[in-house]
Amino acid sequence: MAVTVITGAASGMGRACVESLRGTADHLLAVDLVAPEIEGAIGVACDVADPDAIAALVEQVQGLGSFRGLAHAAGISPTMADARRVFEIDLLGTVLLLDAFEPLVEPGSSAVCFASSSAYQIALADIDPAHQALVTDPRVPGFLETAAAQFPDSGMAYSWAKRGVIAVSAKAAVSWGRRGGRVNSLSPGLIDTPMGRQEADQQPIMKMMLDNTPLQRLGEPSEVAAVVSFLLSEQASFISGVDVLVDGGMLQGFITAFVS
Ligand SMILES: NC(=O)c1ccc[n+]([C@@H]2O[C@H](COP(=O)([O-])OP(=O)(O)OC[C@H]3O[C@@H](n4cnc5c(N)ncnc54)[C@H](O)[C@@H]3O)[C@@H](O)[C@H]2O)c1
């Protein structure tokens, strides 16, 4: 029996992934802080920053069958927490999940981890290799304290945590690949979800970002979920270790307006 896990499944893009991944596995596990009640999926309560909860999730997957897919959409945004917590959930949580699922990986297993287009925008302004090195190895002792001290602003922390998500996903593609598995990350632009709306309400820069999106609209969660489904499918069987930007052209809009 094939098992696919979707984190952040109660809301936004994770919820849309549950819909788009229906029928692609025998069991869909819908994971969130509170077990989501979604028809046709098994709801699981799990904090992705809690190693014990992740160990229990992995055990549940093993008990149900073979590990097919992981769509890791759970995350928090800058207005939801301080810098330390942002690094803890968005970056350390991703590493914990990738490490915990690795022993289950077999040919055909695949993961997609949610990063953000802000990981690209930050790189337009900050190319310090020490910053990149910091977020590429969040397993080092004291990482959260160091990262939060380096980036005390939660917005910067979010962008760098998501840059870290891209880096650790690419690295996991190498270790998962030895078992025949694939790992990619996906960077959404401005997407119409509860998180997206909260950031738009509280951060004036979001209006400027929308103005610089060539398609001149927010993305729909289903448009992102369709890409996740593709990346987890056999149609993407030779795609691994890359980040896919799903932003309606926003990054290029920024580069055109402010860089080139
Ligand atoms: N909405 C956007 O515009 C946007 C843009 C770029 C990146 N993203 C990223 O996409 C992903 C999905 O975002 P969304 O807009 O659908 O958000 P959302 O807030 O609508 O949904 C996120 C879900 O994650 C869950 N969650 C948060 N912390 C968790 C934890 N510790 N353990 C388990 N579940 C947890 C929440 O309960 C929520 O159900 C996030 O990683 C986010 O950073 C969003």
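A residue here is called buried when its relative accessible area is under 20%, exposed when that area is over 50%, and partly exposed in between, with a 1.4 Å probe and protein chains only. Gln216, with a relative accessible area of 51%, is therefore exposed. The structure is a predicted model, in which local features need pLDDT of at least 70 and side-chain atom pairs count only at pLDDT 80 or more, while totals for chains, interfaces and linings use all residues. Residues are numbered from 1 along each chain as its sequence is written, and side-chain values use heavy atoms, with hydrogens and water left out.

Back to Gln216, then. Gln216 sits in the loop between α9 and α10 (221-232); helices (H or I, at least four residues) and strands (E, at least two) are DSSP runs numbered from the N terminus. Its phi is near 55 degrees, a positive value in a residue other than glycine.

The side chain of Lys162 has an N or O atom 2.9 Å from a ligand oxygen, and a polar backbone atom of Cys46 is 3.5 Å from a ligand nitrogen. Taken alone, the ligand exposes 830 Å², and the protein buries 92% of that; accessible areas come from the Shrake-Rupley method with a 1.4 Å probe, and for residues only the protein chains shown count as cover.

Now for the aromatic rings. Rings of Phe, Tyr and Trp (its six-membered ring) pair if their centres lie within 6.5 Å; planes under 30 degrees apart count as stacked, over 60 as edge-to-face and the rest as tilted. By this rule there are six aromatic pairs. One of them joins Phe67 and Trp176 edge-to-face, at 5.8 Å centre to centre and 80 degrees between the planes. Phe67 belongs to strand β4 (residues 66-72) and Trp176 to helix α7 (residues 154-177), so this pair ties together parts that are 109 residues apart in sequence. Phe67 and Trp176 are both buried. The rings of Phe87 and Phe143 have centres 5.8 Å apart and planes at 85 degrees, so they too make an edge-to-face pair. This pair links distant parts of the chain, with Phe87 in helix α3 (residues 83-101) and Phe143 in helix α6 (residues 143-150), 56 residues apart. Phe87 is buried at 0% relative accessibility, and Phe143 is buried at 2%. Ring pairs also draw Phe87, Phe143, Phe151 and Trp160 into a cluster.

On the charged side, the structure holds 10 salt bridges, where a salt bridge is a side-chain nitrogen of Lys or Arg within 4 Å of a carboxyl oxygen of Asp or Glu. Among them, Asp192 and Arg197 meet at 2.5 Å, N to O. Asp192 is partly exposed at 26% relative accessibility, as is Arg197 at 40%. Salt bridges that share partners join Asp47, Arg84, Arg85, Glu88 and Glu145 into one network. Within it, the closest N and O atoms of Glu88 and Arg85 are 2.9 Å apart; both residues lie in helix α3, three residues apart, about one turn of the helix. Glu19 and Arg22 also form a salt bridge, with their closest N and O atoms 2.9 Å apart.

Finally, the surface carries a nonpolar patch made of Leu124, Ile205, Met208, Phe258 and Val259, with about 450 Å² of accessible area together. Patches consist of residues with over 30% relative accessible area and no salt bridge, like charges being joined within 9 Å and nonpolar side chains (Val, Leu, Ile, Met, Phe, Trp, Tyr) within 5 Å. Helices α9 (205-211) and α11 (250-259) are the elements that give two or more residues to the patch. Leu124 lies in helix α4 (residues 118-125) and is partly exposed, with a relative accessible area of 39%.

Note on methods:
A polar contact is a pair of N or O atoms within 3.5 Å; within protein, one must be able to donate a hydrogen and the other to accept it, and residues adjacent in sequence count only if both atoms are side-chain atoms.
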